[in-house]
Amino acid sequence: MPQVLKDRIHEKLMAKREEIKAFLGDHGDKVIHEVTLKQPYGGMRGIPALVWEPSLLDPNGGIRFRGYTIPELQQMLPHHPRGSQPLPEALLFLLLTGDVPTQEEAKAVCDQLLARSELPQHTVETINCLPTDTHPMTQFSIGILTLRQNSQFAKAYMEGMDKTDFWAPTYEDSMDLLAKLPDLASLIYRRTYGKPEPDMPDLDYCWAGKFAYLMGFPNFEFIELLRLYMVIHADHEGGNVSAHTSQVVGSALSDPYYALSAGINGLAGPLHGLANQISLRFVLDIKEKFGGVPSKHDLRELLWDTLHGGQVIPGYGHAVLRQTDPRYRVQREFALEHLPEDELFQIVSLLYEIAPDVLREHGKAKNPWPNVDAHSGCLLVHYGLVEHEFYTVLFGVSRAMGILTGLIWARGLGFPIERPKSFTTEFAKENLV
Ligand SMILES: CC(C)(COP(=O)(O)OP(=O)(O)OC[C@H]1O[C@@H](n2cnc3c(N)ncnc32)[C@H](O)[C@@H]1OP(=O)(O)O)[C@@H](O)C(=O)NCCC(=O)NCCS
């Protein structure tokens, strides 16, 4: 069965290569965008400069994984027989191939990941050598690098390989990595926070289920939440810091371990993956300051104080999205079903009622609506995963699915090394205006 997935990817890659060749033959010289001087100074916003096949971000509809929205995928992707949330393994199959898997195909991905999941001893020893107060993201990035010892891509490249075959060992490395990330992340969780090694029951657990068990959360509702979490964070097209960083590094034919570790370092930034931790801190501070859920008046005042203090409202705004993030919506639906009385959720809800108006009145943020990070922390806290610094690692385990799919496809489509042109302000003054 593992070969079935690999063969399917191969078939899709071949077809896409031909499609792109014909497309570029017909339209390769067409001008697709004009770049204004302020765009390179402004984080390259809005310049269509990358090709990323696994997903596309629609400013209004949110992320589409291979063309499907998150609510559509909640309906279409296989679930665990006893659950209602889509299986992350099913999403991985979709990202890798563009096809919605059957239950059996999703199960085969799950089995393949479980079979490859054991961590090498040197990885465990390296992680165990680090001071326990090393940030979990630092441990995660180091742990990923230790795994490259077994990189099939690096080995095959050194032995000599036709470049049309680069994608195949990239795929093998990616599957090895994805299989091991929950084990690596839970090792980091247990040692950092002094949690015991769990007894693993003899269950038919899947990727997220095993992850939950390994962290010490065998509650089925939490496992369902983790499945949802893993699905919604899996990819967000190619221009975000972590995906793009991995892509640039991978374009130098650095193997997937180097590439993912680099992307994870970007995910550790406060404006990217760390934002969920900061958002939760913001909500917890509100709870502490007001001794519970504040009045609307008090919350409005606090938001204005935050903005007047030159700070952002965490979890609100987005570089591309221009509506409430559907990833926020599905988490809200989960909370309304499972934890409507939770005080933190009620503060998160009240923020949703008030913050968009305040941000609109403030007039700076192009998008006054909440993003994914405004919600996830309160759900995790509800089930007892209270170690905020660890949240970005959870995000990283999920995001690895999109990042690694992007790498496999970039190698399969023969994308070259990235090398955009930069310029100095002096050069721009003399030559560009
Ligand atoms: C996500 C984020 C980094 C996008 O940045 P961006 O693309 O530059 O956003 P915008 O183009 O809307 O920014 C325009 C202005 O609005 C401000 N702004 C954007 N979101 C804001 C927010 N949530 N609170 C206050 N101000 C905000 C920006 O700081 C910027 O101000 P400046 O002109 O003084 O530099 C930004 O919205 C932000 O910092 N949000 C809070 C952190 C967060 O939730 N990050 C998670 C992202 S998934």
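Visitor: Where is glutamate 237 found, and is it buried or exposed?
Guide: In this predicted model, glutamate 237 is found in the loop between α11 and α12. A residue counts as buried if 20 or more other C-beta atoms lie within 10 Å of its own. Glutamate 237 has 21 such atoms within 10 Å, and therefore it is buried.

Visitor: What is phi of glutamate 237?
Guide: Glutamate 237 is a residue other than glycine, yet its phi is positive. The value is near 50°.

Visitor: How many residues of helix α12 are buried?
Guide: Helix α12 covers residues 241-251 and is mostly covered. The buried residues include Ser242, Ala243 and His244, as well as Val249 and Gly250. Of the 11 residues in α12, the number buried is 8.

Visitor: Which helices do the buried residues of α12 pack against?
Guide: The buried residues of α12, among them Thr245, Ser246 and Gln247, pack against other helices of the chain. These partners are α13 (256-267) and α19 (391-412).

Visitor: Is leucine 253 buried, exposed or partly exposed?
Guide: Leucine 253 lies in the loop between α12 and α13, and has a positive phi of about 65° although it is not a glycine. A residue is buried with 20 or more C-beta neighbours within 10 Å, exposed with 12 or fewer, and partly exposed in between. Leucine 253 has 16 such neighbours inside 10 Å, so it counts as partly exposed.

Visitor: How are α9 and α19 oriented to each other, roughly parallel or roughly antiparallel?
Guide: Two packed helices are described by the angle between their axes and the distance between the axes. For helix α9 (residues 167-193) and α19, the axes are 9 Å apart and the angle is about 175°. Angles over 145 degrees count as roughly antiparallel. The two helices, α9 and α19, are therefore roughly antiparallel.

Visitor: By class, which residues make the contact of α9 with α19?
Guide: On the side of α9, the contact includes Trp167, Tyr171 and Leu178, and on the side of α19 it includes Val393, Met401 and Arg411. By class, the contact has 15 nonpolar, 3 polar and 1 charged residues.

Visitor: Where does leucine 87 lie, and is it buried or exposed?
Guide: Leucine 87 lies in the loop between α3 and α4 (88-97). Leaving aside neighbours within four places in sequence, its contacts include Leu77, Ala106, Cys206 and Arg227. Leucine 87 has 26 other C-beta atoms within 10 Å, and therefore it is buried.

Visitor: How many Å separate the C-alpha atoms of leucine 87 and alanine 208?
Guide: Leucine 87 and alanine 208 are 121 residues apart along the chain. Their C-alpha atoms are separated by 8.0 Å.

Visitor: Which element gives the most to the side of domain 1 that touches domain 2?
Guide: The domain assignment gives domain 1 (1-21 + 36-289 + 387-433) and domain 2 (290-382). In the model, 28 residues of domain 1 are in contact with 30 residues of domain 2. The elements that give two or more residues to this side of domain 1 are α3 (70-76), α11 (220-232) and α14 (275-290). With 11 residues, the element that gives the most is α14.

Visitor: How many residues surround the ligand?
Guide: The closest residues are Ala275, Val312, Gly317, Ala319 and Ala365. The shell divides into 9 nonpolar, 5 polar and 3 charged residues. The number of residues that surround the ligand is 17.

Conventions
Residues are numbered from 1 along each chain as its sequence is written. This is a predicted model: local features need pLDDT of at least 70, side-chain atom pairs count only at pLDDT 80 or more; totals for chains, interfaces and linings use all residues. Helices (H or I, at least four residues) and strands (E, at least two) are DSSP runs, numbered from the N terminus. Two residues are in contact if their C-beta atoms, placed from the backbone, lie within 7 Å. Domain bounds come from an automatic or database domain assignment. A residue is near a molecule or strand if its C-beta atom, placed from the backbone, lies within 6 Å of it. Ala, Val, Leu, Ile, Met, Phe, Trp, Tyr, Cys and Pro count as nonpolar, Asp, Glu, Lys and Arg as charged, and the others, Gly among them, as polar. Axes are lines fitted to C-alpha atoms, for helices over the stretch in contact, and angles run from 0 to 180 degrees between N-to-C directions. Angles under 35 degrees count as roughly parallel, over 145 as roughly antiparallel, 65 to 115 as roughly perpendicular and the rest as oblique.
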